[in-house]
Amino acid sequence: MNYDQRLQHVSVLGAAGKMGSGILLLTAVEMADLSLKPENKGKTFVLNAIDLSNEALSGLFGYLHTQVTKMAEKKAVMLRQLYADRDDLIENYDIINQYVNDVLALVRPTTALEVAYKSSLIFEAVSENKDLKVKLFRQIDQHNENKSWYFTNTSSVPIHILEDEAGLKSRILGFHFYNPPAVQRLVELIVTDTTDNEVKQFALNYAKALRKVVVPSNDFAGFIGNGHFMRDALYGIKQAEELAGERPFVEAVYMVNKVSQEFLVRPMGIFQLIDYVGIDVVQFIMNVMNPFLKDEELHSSLLDKMMKLGVKGGQLSSGAQKDGFLKYDRGAVIGVYDPDKQAYVDVDSFAAQCDEVLGALPASYQPWKAAVRIKDTDGHFAPYFAEMKGMDSLGAKLAINYGKNSNDIGRKLVSDQVAHNENDVNTVMLTGFFHAYGPINNYFA
Amino acid sequence: MKNMRRKVYMTAGYNTISMGTGRKEFNPKKERPGLEYYIKEAGQGVLKQAGGADKVDESVIGNFMSARFNKQAHLGGFAGAIDPQLEFKPSLGVEGACGSGGLSLITGIRSILAETADTVLSIGVEVQNTVKAIYGADILAGAGYYDKRKHGHAYFFPGQFSDRAGVYYEKYGHEYARKGMCRWFVNAIENARLDPTAQEYHNTIPDLEGLYHKMTPNGKAFVDHLNVLDCSKVSDGASGIVVTSEEGLQRMDIDKKDAVEVVGWAQLTRNIVNEPPNPVELTTIKTAAKRAMEMAGVTIDQIGTVETHDCFSIAGILAVEALGLAAPGKGAEYVAEGNTSRNGKMPMNTTGGLIGWGHPTGATGVHQAVTLWQQLTGKAGDAQINIPADRPYGLSINMGGDDVTVVAIVYKRG
């Protein structure tokens, strides 16, 4: 079975979810492009969009239509060539519409898992629940005569566990997209000891067709991305809890969030990032990873507390941020949650005072938006952090410690053989988390 | 026509802002003023200077594709929206692709010459930012022969002029041509920075030349031989001017020194069904300019400034050759040496032209007349150039389609 044939009958599990819908979109476009090749004329391509929720599936086509239209508009020059033999399609408008129709026509939304029995490739993007994943894989594989390949989007469960428990020897790998898959260029690729080389090769070709940057990760719970993020988040929480010994909790959260965003020049502060991913998801991923870690406890009682209080963060289906540790108004942080009062406290009521305690940013500070465009990363950040080290403010101290810890996490991912090398760790954080500089550096030594 | 039976003037010009990318206030995601707003602003801007709508006998509105950009045809009906006193007077819409503005002027000139009117309100308008560029390309492709659309480029007109540029590169040298085209672009932006209504008025990029050469044409994303800086802008805007007789000037109480005289004109079309006879020559422009200057009894050496239809930088280079300012193949050099810059031998497009001021397609011909009226009467503000006493003429070249409809007009200080 060649590349095109492998992609003739595909199923996406959890297709209406945030990750699943993005994977569905990219796969639908790739399959449509294949189906339009002259040698594939007359062949049928099928993409099953399988999800538990009929409601969510009903909104899927609206999302796909909008996204495919945008993609088609960008490649109109190529599409005119693709449809050159269609005399009825004359204007860009006609051609783009036809392409959108051709992409959408491949997609079959359903709540019935049975349709996956005929697929030769299964993408899995259901919730981070190992047992659920195993159950779905087993059921499909028992009825599937194609010896289907399974690509799981898990960000935390070791692939070999899924492989063993579902009986998928050599036919499964981790193909971990970052959120949102349509935009984020990073994919973590995780193979097991037995993954067939043909499966891996196909995955690399598929990633290349989608123009993704592939970073291989060893098969260790959390892989590189969450391996860094979860520990980084725990450190941020720890810093906040320590600060909260001397000042109100909301101020501590505000300060650590500010330090991790502005002082460390990241796109978001750590509490905002936890909210973005979802407090529930972070807690869940830690729970999945924890049993696999030796001499390390990946757990936060603060996250448990927030979950008990029903404060979860995450995003609405519109992409708008839900309130979590922080309260948002059109993307801007306007409050911090006080678990004792079970209410948000306005940032305005304490921000100025906290900012004064933290102290000023180094004079060479460039905000993240500008800093990511700087080509000579070392040339900018080495003196920036050197300047920070010479400062006596609380903000500078917290930031240096935070940066050191992030550095240690990165290096440990390599020494623990989760990542193949330092460069892979940095690529994941630069590409998948949009950091302006890699965590493994010499700025904090 | 060799001689005009009656003197024809233009006065009281007005331009709206050319709105679109480049203007700080432009936000494609926010609702913006539409067609009616622009027609009214330009019309009322002219009437204010003309002393009121009661002085106007007739209105002409030039527009290319409002029927598709704005789902609105029948623009002649908007005269009454400019001013109630224009209602129940003659008013009509004219169309000749991007030469529609020029046709609006010509229609006014003909009315004056036919003595059916003494003052004609001539307007040009286009509001194009209603659709994304990729669909705008479909709409603008209507200026070409529809039978060729299927096998044309996604960006149809950039594709047409990219092909012309490709032949020019092959014939005269790639680097040589790009150098001239780059200078054309730089001149356009530098001139636009002097006119507050220009779309590139806010442009502060320090190294325009560096920027231009960095952007290598990429046929996969756009067209083979042009980058986006070689192209005119996608614009919303309108311009207006009064075309009038001596009696009309008196009626409006406007002195001749505040008007320009139309001393020669030509309006020609090439067969739209055929390919251009020569890809590196703008044959219709060449013919029309020659006839207009013959009618005016002047040669190109007597012209003090030119407004030409630089929908693409290559069209600017080819116009230089078509007007006889440089021999075939020498246009790029002529421009690269600075001859067409505002302090050069022949200042061209002194408020930015289509690349710098903007290209609200149906308005462009009228905008050119307004610029020449401003320059020849000393009303161009910061963009004012010196018009030598021995060269008191201006020439405008407005083109529709790929050198299909051309309007050439020679103006003289009033």
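**Domain and chain interfaces in the predicted model**

The centres of domain 1 and domain 2 of chain B, taken over C-alpha atoms, are separated by 24 Å in this predicted model. Domain 1 of chain B spans 8-132 + 234-259, and domain 2 of chain B comprises 147-233 + 262-356 + 394-413. Contact between the two involves 30 residues of domain 1 of chain B and 21 residues of domain 2 of chain B. Together these domains bury about 1900 Å², of which 56% lies on carbon and sulfur atoms. Of the area that domain 1 of chain B buries against domain 2 of chain B, 23% is supplied by R23(B), C98(B) and I106(B), more than by any other three residues.

Across this domain interface 0 salt bridges are found, whereas 13 residue pairs are in polar contact (both at pLDDT 80 or more). On the side of domain 1 of chain B that touches domain 2 of chain B, two or more residues each come from β1 (8-15) and α4 (100-113) of chain B. The most is given by α4(B), with 9 residues. By class, this side divides into 14 nonpolar, 12 polar and 4 charged residues.

Between the chains, 16 residues of chain A are in contact with 18 residues of chain B. The buried area of this pair is about 1300 Å², with 49% of it on carbon and sulfur atoms. The interface of chain A and chain B holds 2 salt bridges; K132(B) pairs with E73(A) in a salt bridge whose closest N and O atoms are 2.6 Å apart. Polar contact links 14 residue pairs across the interface of chain A and chain B (both at pLDDT 80 or more). In chain A, α3 (54-74), α4 (76-82) and α5 (92-104) each supply at least two residues of the side that touches chain B. That side of chain A has 8 nonpolar, 2 polar and 6 charged residues.

Key: Residues are numbered from 1 along each chain as its sequence is written. Chains are lettered from A and ligands numbered from 1 in the order in which they are written. This is a predicted model: local features need pLDDT of at least 70, side-chain atom pairs count only at pLDDT 80 or more; totals for chains, interfaces and linings use all residues. Side-chain values use heavy atoms; hydrogens and water are left out. Contact means heavy atoms within 4.5 Å. Buried area is the accessible area (1.4 Å probe) that two parts lose on being put together, summed over both. A salt bridge is a side-chain nitrogen of Lys or Arg within 4 Å of a carboxyl oxygen of Asp or Glu. A polar contact is a pair of N or O atoms within 3.5 Å; within protein, one must be able to donate a hydrogen and the other to accept it, and residues adjacent in sequence count only if both atoms are side-chain atoms. Helices (H or I, at least four residues) and strands (E, at least two) are DSSP runs, numbered from the N terminus. Ala, Val, Leu, Ile, Met, Phe, Trp, Tyr, Cys and Pro count as nonpolar, Asp, Glu, Lys and Arg as charged, and the others, Gly among them, as polar. Domain bounds come from an automatic or database domain assignment.
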